[in-house]
Amino acid sequence: MTRGYISASFIFCMDIQASQNKEILIRRQAIEQRIHELAQEISRDYVGSALLLVGVLKGAFVFLADLIRQMTIPCEVDFVRLASYGAHTESSGNVMLIKDIEGSIENKDVLIVEDILDTGLTMTKLVEIFSQRKPMSLKVCTFLDKQGRRRVPFEADYVGFTIGNSFVVGYGLDCNEQDRSLPDVYIIKQ
Ligand code: IMP
């Protein structure tokens with residue numbers, strides 16, 4: 001597996017609407033290049049298989065859309081949505097599936113596509129739920145990985161960029177539902 005590395009300092013997303021200040025972390029050109037590499041790697045790994053990509057709403061929709069258009073193998077697409085109740089800025093650990101995929105994953109090669117891995121609690125829960133449905137294989141591809149913030153051990157199979165502990169927005173990622181449409185990734189500064 002290959003990884004892109006970006007380092008940054010630790011800042012939480014707080015009441016940013018009032019005093020938002022953003023600093024660019026990953027430019028669109030670097031994102032485009034990295035997604036091309038990831039798509040090639042995934043296409044090679046799954047050649048000849050019936051691949052189902054499961055995007056995690058809402059944050060992964062931009063990444064998933066760009067990823068599939070760079071892939072050279074056919075695939076199906078579906079979506080899930082999870083909710084974590086408790087703190088606003090990080091997973092409470094109480095993760096629930098609030099929108100499920102439409103079909104069965106039994107005997108299918110499934111690749112979960114996530115926007116960002118933070119504490120690891122959300123992906124741990126989703127992998128646990130999907131594993132019980134007997135897929136042929138189950139892997140995880142995340143656009144961003146904040147390895148330093150894990151509360152449970154979790155390793156993605158494909159990682160776009162490993163970043164520091166900062167709260168980031170753009171390229172599908174939001175803070176209070178804002179900034180998903182930004183084409184670059186930004187650190188939120190207070
Ligand atoms: P985890 O369960 O802590 O790994 O949380 C993963 C989810 O938290 C992601 O799918 C995002 O929705 C959200 N999240 C974590 N860090 C960030 C961030 O820096 N920006 C935007 N959303 C984030």
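This is a predicted model: local features need pLDDT of at least 70, side-chain atom pairs count only at pLDDT 80 or more; totals for chains, interfaces and linings use all residues.
How far from an oxygen atom of the ligand does a polar side-chain atom of Glu114 lie? The gap is 3.1 Å. Residues are numbered from 1 along each chain as its sequence is written, and side-chain values use heavy atoms, with hydrogens and water left out.

View 1. Glu114 brings a polar side-chain atom to 3.1 Å from a ligand oxygen. Lys146 also uses its side chain, with a polar atom 2.9 Å from an oxygen atom of the ligand. Gly120 uses its backbone: a polar atom there is 2.9 Å from a ligand oxygen. The protein buries 85% of the 490 Å² that the ligand exposes when taken alone. Such accessible areas come from the Shrake-Rupley method with a 1.4 Å probe; for residues, only the protein chains shown count as cover.

**View 2. A shell of 16 residues surrounds the ligand.** The closest are Asp115, Asp118, Thr119, Thr122 and Val168. Strand S6 (109–117) and helix H3 (121–131) each supply at least two shell residues. S6 gives the most, with four. Helices (H or I, at least four residues) and strands (E, at least two) are DSSP runs, numbered from the N terminus. By type, the shell has six nonpolar, five polar and five charged residues. Here Ala, Val, Leu, Ile, Met, Phe, Trp, Tyr, Cys and Pro count as nonpolar, Asp, Glu, Lys and Arg as charged, and the others, Gly among them, as polar.

**View 3. Helix H2 has buried residues along one face.** H2 covers residues 61–70, and Phe63, Leu64 and Leu67 are buried in it. Seen down the axis of H2, the buried residues fall within an arc of 95°, so they line one face of the helix. The arc is that of the directions from the helix axis to the C-beta atoms. The buried residues of H2 pack against helix H1 (28–45), strand S3 (51–57), strand S4 (75–84), S6 and strand S7 (137–145). Contact means heavy atoms within 4.5 Å.

View 4. Most residues other than glycine have a negative phi, and most peptide bonds are trans. The bond from Leu57 to Lys58 is cis, with omega near 0°. Lys58 sits in the loop between S3 and H2. Lys134 is not a glycine, yet its phi is positive, about 55°. Lys134 lies in the loop between H3 and S7. Tyr171, also not a glycine, has a positive phi of about 55°. Its loop runs between strand S9 (168–169) and strand S10 (185–189). Tyr171, at 5%, counts as buried. Buried means under 20% relative accessible area, exposed over 50%, and partly exposed in between (1.4 Å probe, protein chains only).

Notes:
A residue is near a molecule or strand if one of its heavy atoms lies within 4 Å of it. A polar contact is a pair of N or O atoms within 3.5 Å; within protein, one must be able to donate a hydrogen and the other to accept it, and residues adjacent in sequence count only if both atoms are side-chain atoms.
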